[in-house]
Amino acid sequence: MPIFKRRKAAVVEADPIGAFWSWWTSVGSELVADAIARKQPADIGATLSEWVNRVHPELDWELGPGLHAQHALIVTAAGNPSRRATARRWLRSAPASDHLWEYADLRRPGPVSTIQFEGLPAVPIEQSVVEVDPDASSIHVGVYHPAFPELPVDVRQRVTFLILDLVLGEEMVETWIGAIDTLDVVPPEPRPISALLPAVAAFAAEHTLEDGSPAWKMLEGTRDGHRLIATAEYPLRSIRRPHLDTHVEISVGYPVVRDDGLPESDMLDELRAFEDHLTARLGGSGNLLAHETSAGTRLLHYYTDGTTPAAAQLQAATPGWTHGKVAVTTTQDPAWDNVSHLSG
């Protein structure tokens, strides 16, 4: 069974991620592996917690079997979007996996068959049933377990999320699952928990390109009485690129010729070329995730890695546009809240 642990610490490091990996590669990995071998992992728990919490006190860690190595160390944001960038940077600084250790920043589907909190009834996962309600943008899931009536409400909710993480993995839950309900009674059309993974995988396949890259979708509406056309990556979920924690909104003005305020074809080609010009400056440090066009203005929604100069590089590239005003607004937005209106 995986071991879960979190404990706060007040130590502040100039480079806490570097300090963690320096400790881990020098002594930490051997100490933790030895504690696991002795079947006394709690012996090293406090020390490991201290080092993880130096990276950030709101991160969680887990130990469990690896997929390709003997053990896995997983440091997660515990479902907090504002900490996912930190966890991903921790992972990107990790040493190469070897026969003994591998690393991850998201909970994986796991072999755990029973969830139990001290003093409370056991919850065998295979006894869970679900109701699944897909819509145009996500899958809504309700979870029921026969043990729920014996559990406090807050524990039921924790168990619900643990069941989903263990069955689907954290990334699939955060990417494709919308509303999550903890059910008090058996749903009208219950499905075994084993049916959930294939249902979500099929839904994801329908909304993913053949090469595995995210699909894009077009939205249409009005803004201030003017026609609005938007195109966005689907689904817009920060967990797909958690290191992109900085929103760079670029407002690009263009001359209005059409009655509906949208750009005519030649101007649309120029706008697309300008997007390509900006995107080329990013390398691997950011992505264009959405744009909105209405009434002589095209809003480009870029997300960049805040530890790189990507936002400044975008700003420096904007003077190339000569058909209207360009304004750049940069904000920290690790949860991608600034584009949440385009995620439906």
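Me: In which order do the strands of the open sheet of six strands stand?

Reply: This is a predicted model, in which local features need pLDDT of at least 70 and side-chain atom pairs count only at pLDDT 80 or more, while totals for chains, interfaces and linings use all residues. Residues are numbered from 1 along each chain as its sequence is written, and side-chain values use heavy atoms, with hydrogens and water left out. Strands are DSSP runs (E, at least two residues) and helices are runs of H or I with at least four residues, numbered from the N terminus, and two strands pair if DSSP finds at least two bridges between them. The pairing in this open sheet is antiparallel, and the order is β11-β12-β14-β15-β13-β16.

Me: Which strands stand at the edges of this sheet?

Reply: A strand at the edge has a single partner strand, so one side of it is left without a neighbour in the sheet. The two strands in this position are β11 (215-223) and β16 (326-332).

Me: Which residue in β12 stands opposite L219?

Reply: β11 and strand β12 (residues 226-234) pair in the antiparallel sense, over nine bridges. In β12, the residue opposite L219 is A230.

Me: Are α4 and α6 roughly parallel or roughly perpendicular to each other?

Reply: Axes are lines fitted to C-alpha atoms, for helices over the stretch in contact, and angles run from 0 to 180 degrees between N-to-C directions; those under 35 degrees count as roughly parallel, over 145 as roughly antiparallel, 65 to 115 as roughly perpendicular and the rest as oblique. The axes of helix α4 (residues 153-168) and helix α6 (residues 196-206) come within 10 Å and cross at roughly 70°. The two helices are therefore roughly perpendicular.

Me: Which residues in α6 do L164, V167 and L168 in α4 meet?

Reply: Contact means heavy atoms within 4.5 Å. On the side of α6, the residues that L164, V167 and L168 of α4 meet are L196, L197 and V200.

Me: Which element of the protein has the lowest mean pLDDT?

Reply: pLDDT is the predictor's confidence in each residue, from 0 to 100, and the mean for the protein is 91, with 96% of its residues reaching 70 or more. Over residues 1-10, however, the pLDDT is below 50. Where pLDDT is low, the predicted coordinates should not be read in detail. Strand β15 (residues 297-305) has the highest mean among the elements (98), and the lowest (46) belongs to strand β1 (residues 3-5).
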